[in-house]
Amino acid sequence: GGRPSALSAGIVWPNPWDAEGAAQDLRLWCARTLLAQLSPELVLDLLAAVMHEERVVIFAQSPVEGCAAALGLVELVAPMVWEHVVLPVVPKDARCSILDSPVPFIVALSHHADRDLLRQRTATEGDAPIVVVHLEKKEVEGAATQRRGPMYRRQHCLNQLNSILCGGSLADPSVCKQA
């Protein structure tokens, strides 16, 4: 029955139904993955884009990297909640529809053909611009980079972000060495 055997005495078995704990671990992993890939300045640009409800496309070398970056970006706005479209993986037949959508979104794409499609869409669109993140190049292009706030506020935000990265719960030693 329900009594532990002598072999299992002293062993703490994880609760396989602890979805809350697993989800928290996944969210932190995604945020750390994004923070490890981009400089604090670029993270601030992305946060500005999200706070201004802009459309964000993340290009990554693999779907796993793109998925982690998209979900990590959503996690970084906590305790606020991104209430718009988040597609860490976009079905191939839905890519045109998503990119043509006028609503704010965060999507991750990984194919070179998607870059050409995006370039074609942004060249002809009159809608709000799309913020494009190139993880492998460590670049952010688009409206967020053009709307940087006053330098003193930006520096304050960078200092706060660096202190969180190097001393907080998202600490990653490789990020702190770069800062």
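The paragraphs below go through the predicted model from its overall layout to single residues.

This is a predicted model, in which local features need pLDDT of at least 70 and side-chain atom pairs count only at pLDDT 80 or more, while totals for chains, interfaces and linings use all residues. Residues are numbered from 1 along each chain as its sequence is written, and side-chain values use heavy atoms, with hydrogens and water left out.

The protein chain holds 8 helices and 5 strands. Both are DSSP runs numbered from the N terminus: helices are H or I with at least four residues, strands are E with at least two. Starting at the N terminus, the elements follow the order α-α-β-α-β-α-β-α-β-β-α-α-α. Of the 179 residues, 38% count as buried. Buried means under 20% relative accessible area, exposed means over 50%, and partly exposed lies in between (1.4 Å probe, protein chains only).

Next comes the sheet. Strands of a sheet pair through backbone hydrogen bonds, either parallel or antiparallel. Here two strands count as paired if DSSP finds at least two bridges between them. The 5 strands form an open sheet in the order β2-β3-β1-β4-β5, with mixed pairing. Its edge strands are β2 (85–87) and β5, each of which pairs on one side only. From one strand to the next, the twist averages 15 degrees; axes are lines fitted to C-alpha atoms, for helices over the stretch in contact, and angles run from 0 to 180 degrees between N-to-C directions.

Strand β4 covers residues 130–134, and because 5 of its 5 residues are buried, β4 is largely enclosed by the rest of the structure. Both of its faces are covered: Ile130, Val132 and His134 are buried on one side, Val131 and Val133 on the other. β4 runs parallel to β1, and 5 bridges join the two. Val57 has Val132 in β4 as its bridge partner. With β5 (residues 139–141), β4 pairs in the antiparallel sense over 3 bridges. In this pairing His134 stands opposite Glu139, and Val133 stands opposite Val140. β4 and β5 make a hairpin with 4 residues between them, and Lys138 in the turn has a positive phi of about 55 degrees.

Strand β1 (residues 55–59) contains Arg55. Arg55 counts as buried because its relative accessibility is 3%. What lies around its side chain? A polar atom of the Arg55 side chain is 3.3 Å from the backbone oxygen of Leu99, and the backbone oxygen of Ser101 lies 2.7 Å from a polar atom of that side chain. A polar contact is a pair of N or O atoms within 3.5 Å; within protein, one must be able to donate a hydrogen and the other to accept it, and residues adjacent in sequence count only if both atoms are side-chain atoms.

Side chains of opposite charge can pair when their charged atoms come close. A salt bridge is a side-chain nitrogen of Lys or Arg within 4 Å of a carboxyl oxygen of Asp or Glu, and the whole structure has 1. Arg27 forms it with Glu75, the closest N and O atoms being 3.4 Å apart. The pair links distant parts of the chain, with Arg27 in helix α1 and Glu75 in helix α3 (residues 63–76), 48 residues apart. Arg27 is partly exposed, at 31% relative accessible area.

Helix α1 (residues 19–37) also contains Leu26, which counts as partly exposed because its relative accessibility is 46%. Leu26, Trp29 and Val64 form a nonpolar surface patch with about 310 Å² of accessible area together.

Notes. Patches are made of residues with over 30% relative accessible area and no salt bridge: like charges are joined within 9 Å, nonpolar side chains (Val, Leu, Ile, Met, Phe, Trp, Tyr) within 5 Å. Accessible areas come from the Shrake-Rupley method with a 1.4 Å probe; for residues, only the protein chains shown count as cover.
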